[in-house]
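Visitor: I am new to this structure and would like to learn how to read it. Could you show it to me and then take my questions in turn?

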Amino acid sequence: MVMDWLFPSQCVCCQNFTSNRAKICEFCLADFPFFIFDQHNLLLRPDVARLVNLPHCEGLVACGWYQGALKVWLSEYKFHQRSHHKAVLQQLITYQMQRFWLTGNFLPDVCFIMPLSNRRYFWRGFNQVTQTWMPALQGISPISSALTRIKSTKPQSILNRKQRRSNIKGAFSVKLDLQGKKVVIVDDVITTGSTMDEAAQACLEAGAAKVWAFATALTPLLGK
Ligand SMILES: [Zn+2]
């Protein structure tokens with residue numbers, strides 16, 4: 001590729017040149033602290049199950065903990081629109097999801113992207129979840145916009161676990177018949193699981209047979 005020759009990509013971790021315009025080289029990717037799938041479902045890991053409360057979800061998949069490099073890339077992309085971090089995140093998510101799809105454990109019929117939380121964030125002008133997850137979901141299942149917010153809520157980050165539950169109660173509506181469908185809801189960071197679980201409940205009420213949660217990162221205990 002002429003473009004590769006003119007503008008070779010460098011690995012964001014080790015600065016070595018990469019092939020195929022990758023943002024992370026294969027060596028750093030192999031060393032990245034991805035979650036390892038115990039039976040391909042993070043809810044089966046006791047440490048994760050203690051942290052997140054997702055009674056309406058059957059499964060959970062994520063790339064890693066919301067700390068270190070993953071936290072830096074996610075927050076800089078989200079809050080400062082550092083778009084070169086978008087390509088890094090896309091590469092990490094695609095890599096992790098390719099390993100998950102290979103298990104054949106769960107293949108969704110429909111996929112929802114978690115809608116943005118409230119008007120405060122509208123200035124951002126993009127949904128960072130859609131932007132970073134699209135390549136990993138392409139060709140897997142149709143992505144629907146039928147999951148919407150119907151209630152204005154406070155930012156979950158300023159609330160404790162109990163307040164988060166009541167803040168988010170009744171916040172979602174699903175304008176799609178999900179009878180018997182296997183559903184995925186995708187979000188960037190899961191902390192207590194309140195938002196994800198409320199959205200999952202709305203999907204079950206719309207007839208979904210099962211719901212899985214996909215996230216870029218999970219907040220470790222330290223950050224709670
Ligand atoms: Zn590297």
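Predicted model: local features only at pLDDT ≥ 70, side-chain atom pairs only at ≥ 80, totals over all residues.

Visitor: What radius of gyration does the protein chain have, and what would a compact globule have?

Guide: The radius of gyration is taken over C-alpha atoms, and the globule rule is 2.2 Å times the number of residues to the power 0.38. For 224 residues a compact globule would come out near 17 Å, and the protein chain, at 18 Å, agrees with that. Along the principal axes, the C-alpha atoms of the protein chain fill a box of roughly 55 × 35 × 35 Å.

Visitor: What percentage of the residues count as buried, and which share of the contacts joins residues at least 24 apart?

Guide: A residue is buried if 20 or more other C-beta atoms, placed from the backbone, lie within 10 Å of its own, exposed if 12 or fewer, and partly exposed in between. Of the 224 residues of the protein chain, 33% are buried in this sense. Two residues are in contact if their C-beta atoms, placed from the backbone, lie within 7 Å. Among contacts between residues at least 6 apart in sequence, 71% join residues at least 24 apart.

Visitor: At what angle do helix 4 and helix 5 pack?

Guide: Two packed helices are described by the angle between their axes and the distance between the axes. Axes are lines fitted to C-alpha atoms, for helices over the stretch in contact, and angles run from 0 to 180 degrees between N-to-C directions. Helix 4 (residues 68–80) and helix 5 (residues 83–103) pack at about 135°, with their axes 8 Å apart. That makes helix 4 oblique to helix 5, given that angles under 35 degrees count as roughly parallel, over 145 as roughly antiparallel, 65 to 115 as roughly perpendicular and the rest as oblique. Helix 4 passes helix 5 in a left-handed crossing; a crossing is left-handed if the near helix is turned anticlockwise from the far one by less than a right angle, and right-handed if clockwise.

Visitor: Which residues make the contact of helix 4 with helix 5?

Guide: Helix 4 contributes Trp73, Leu74, Glu76 and Tyr77, and helix 5 contributes His85, Lys86, Val88 and Leu89. These residues divide into five nonpolar, one polar and two charged, where Ala, Val, Leu, Ile, Met, Phe, Trp, Tyr, Cys and Pro count as nonpolar, Asp, Glu, Lys and Arg as charged, and the others, Gly among them, as polar.

Visitor: Is His85 buried or exposed?

Guide: His85, which lies in helix 5, counts as buried, with 21 C-beta neighbours inside 10 Å. Leaving aside neighbours within four places in sequence, His85 is in contact with Trp73, Glu76 and Tyr77. The C-alpha atoms of His85 and Trp73 are 5.6 Å apart, although 12 residues separate the two in sequence.

Visitor: How do helix 5 and helix 6 pack?

Guide: Helix 5 and helix 6 (residues 128–137) pack at an angle of about 35°, with axes 8 Å apart, and helix 5 passes helix 6 in a right-handed crossing. Residues of this contact include Ile93 and Met97 of helix 5 and Trp133 and Pro135 of helix 6. By class, the contact has six nonpolar, four polar and one charged residues.

Visitor: Where is Ser173, and which residues does Ser173 touch?

Guide: Ser173 is in strand 5 (residues 172–174) and is partly exposed, with 15 other C-beta atoms within 10 Å. Not counting residues up to four places away in sequence, Ser173 touches Thr148, Ile150 and Ala202.

Definitions and conventions
Residues numbered from 1 in each chain as written. Helix = DSSP H or I, 4+ residues; strand = E, 2+ residues; numbered from the N terminus.
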